[in-house]
Amino acid sequence: MGSKTPEGHHQGPDGNSANVSIASINPAKPAAASGLLQVTLEDEGEAEDGDDNGFGYTMEGEVKQVVGEQKKKKKRSRRKKKMSGCQTTPPRVPLASLFHGNQFPIGECTEQAVDNNLNRTTAEEVRYLSVIDDMDDEFLSDYRKAAEVHRQVRKHVQTIAKPGITMNELAEEIESGVRALVGHQGIEPGDAYKAGMGFPTGLCLNHVAAHWTPNAGNKEVVLQYNDVLKVDFGVHVSGRIVDSAFTIAFNPVYDPLLAAVKATTNAGLKEAGVDARMDHLSEIMQEVMESYEVELDGRTIPVKAVRNITGHNILRYKIHGDKQVPFYKTKSNQRMEEGDIFAIETFGTTGKARMMDDIGIYGYGRVQNASTTGLHHTSAKSLLKTIDTNFGSIVFAKRYLERVGAKNYHLGMRSLVQHGVVESYAPLVDVPGSYVAQFEHTILLRPGCKEVVSRGDDY
């Protein structure tokens, strides 16, 4: 889910974004620091030993030569766990029934350099250690489960996303699959808060870049052969959100556009790591993106990096944290730190490259620590209780509210938005007639390892 840069907003000398309230489960960390650690994602680090011609001894003391077998190459890429059962099509079997003992597949891991001269004893670094301590077995199990759910659901979606299918049908398939696989249908009070959708399913066509989802009462949208479809959805398990997105196009004329964005996202993943600076990443990613061009209607059009949408760090139960990962050259002192979780996403366009708010509502999100003293409408107070019980600070769509039984909530929602208790999100669009593509992955900056937890065989 893309993080929009507010209109007229510029980062200060310290690289900080707008003030963001962070809950106690998401310890605050400084946004600025110096230093750069480049990590090569493509470095497979394969090692091969020669034949082992060691000797063993029999009971009688005779020497017996043991012909060693050539050791297999060690792979630092992701290791696949065997499932104890079979998934259905469409996927509806909860992962708890397939992966006993919560042994979910590990994402793509690469080692990170460690500075042995660092002595993390200062008060500032003690806060970092508290974040690292949170990356325990439960943390990894939750994230890897969410990632495996995403992989299985999107694999199914890629087989049914064909011309003629409606956006409502696609959203229903995605959301039904996610809820079935995490084992939480999100109907009973508080069930959606335990596990389920990390944010509303994004199904954006052509010049619509982000934050569009089908809503009841809107005109039905049918996928066409010449469309460029961005599929962006999140899965959360206990508030640990995996955010990943991909683009589908049927007409091969759009292949260079998709290739540009995928290559840019992979470049960002390659350069990301502990101490990596955002200004360095943004320059590299823009260079990759704008090295591509696409030919449409006899015209050669350069692919542009979108200026005012960025990648972002992810906090528990909060899809957008306080750090941004731009893919357009930006001056910033922000850097990545050990213990961070990031959504590395990029958008390429044939249009103006500056997104604007469109009409309509994509979703709503609870503003943390917002004062509720000005709320007087009973409907607003009742709705807020429903939101806190079922979603907390997770962004939700109208249909998610209706799923948990909310009725006649429009007046209450208007009051919550007007008082700044709830934030509404609008679709983000480029100029009509342009085409936008998106690719995205979630990474965990673990001690000594960068794990692209959402990586799959597809992208």
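Colleague: Which polar atom lies 2.4 Å from the backbone nitrogen of Met1?

Modeller: One on the side chain of Asp243. Bear in mind that this is a predicted model.

Colleague: What makes that pair a polar contact?

Modeller: The cut-off is 3.5 Å between N or O atoms. The Met1 nitrogen and the Asp243 side chain are at 2.4 Å, so the pair falls within the cut-off. The side chain of Asp232 also reaches the backbone nitrogen of Met1, at 3.1 Å.

Colleague: Why is Asp243 called buried?

Modeller: Buried means under 20% relative accessible area. Asp243 has 0% relative accessibility, so it counts as buried. Its place is in strand S8, residues 240-249.

Colleague: Is Asp232 buried or exposed?

Modeller: Buried. Its relative accessibility is 7%, and the limit is 20%. Asp232 lies in strand S7, which runs over residues 228-237.

Colleague: How do you know that Asp232 and Asp243 touch?

Modeller: Contact means heavy atoms within 4.5 Å. On that test, the partners of Asp232 include Asp243, Met1 and Glu440. Asp243 in turn has Met1, Asp232 and Glu440 among its contacts, along with others such as His312 and His441.

Colleague: Which residues does UniProt list under "binding site"?

Modeller: Asp232, Asp243 and Glu440, in an unreviewed entry.

Colleague: Why do you say that these residues gather at one spot?

Modeller: They span 209 residues in sequence. Yet no two of their C-alpha atoms are more than 8.3 Å apart, so they gather at one spot. Of these residues, Asp232 is included in the lining of the second largest cavity.

Colleague: What makes up the largest nonpolar core?

Modeller: It has 108 residues. Those with the most contacts inside it are Ile174, Met336, Leu401, Met413 and Leu416. Leu416 touches, among others, Leu375, Leu383, Ile387 and Val421. In soluble globular proteins, nonpolar side chains tend to be buried together.

Colleague: How many helices and strands does the chain have?

Modeller: Ten helices and 20 strands. Of its 459 residues, 52% count as buried.

Colleague: Among contacts between residues at least 6 apart in sequence, what share joins residues at least 24 apart?

Modeller: The share is 78%.

Terms used: Residues are numbered from 1 along each chain as its sequence is written. This is a predicted model: local features need pLDDT of at least 70, side-chain atom pairs count only at pLDDT 80 or more; totals for chains, interfaces and linings use all residues. Side-chain values use heavy atoms; hydrogens and water are left out. Helices (H or I, at least four residues) and strands (E, at least two) are DSSP runs, numbered from the N terminus. Buried means under 20% relative accessible area, exposed over 50%, partly exposed in between (1.4 Å probe, protein chains only). UniProt positions are given in the numbering used here, feature names are shortened, and annotations may be inferred rather than shown by experiment. On a 1 Å grid over the protein atoms alone, a cavity is a set of points where a 1.4 Å probe fits but cannot get out, and a pocket is an open set with protein on both sides within 12 Å along at least five of seven lines; lining residues have an atom within 4 Å of a point. A polar contact is a pair of N or O atoms within 3.5 Å; within protein, one must be able to donate a hydrogen and the other to accept it, and residues adjacent in sequence count only if both atoms are side-chain atoms. A nonpolar core is a set of buried Ala, Val, Leu, Ile, Met, Phe, Trp, Tyr and Cys residues joined through side-chain atoms within 4.5 Å. Lists of a residue's contacts leave out its neighbours within four places in sequence.
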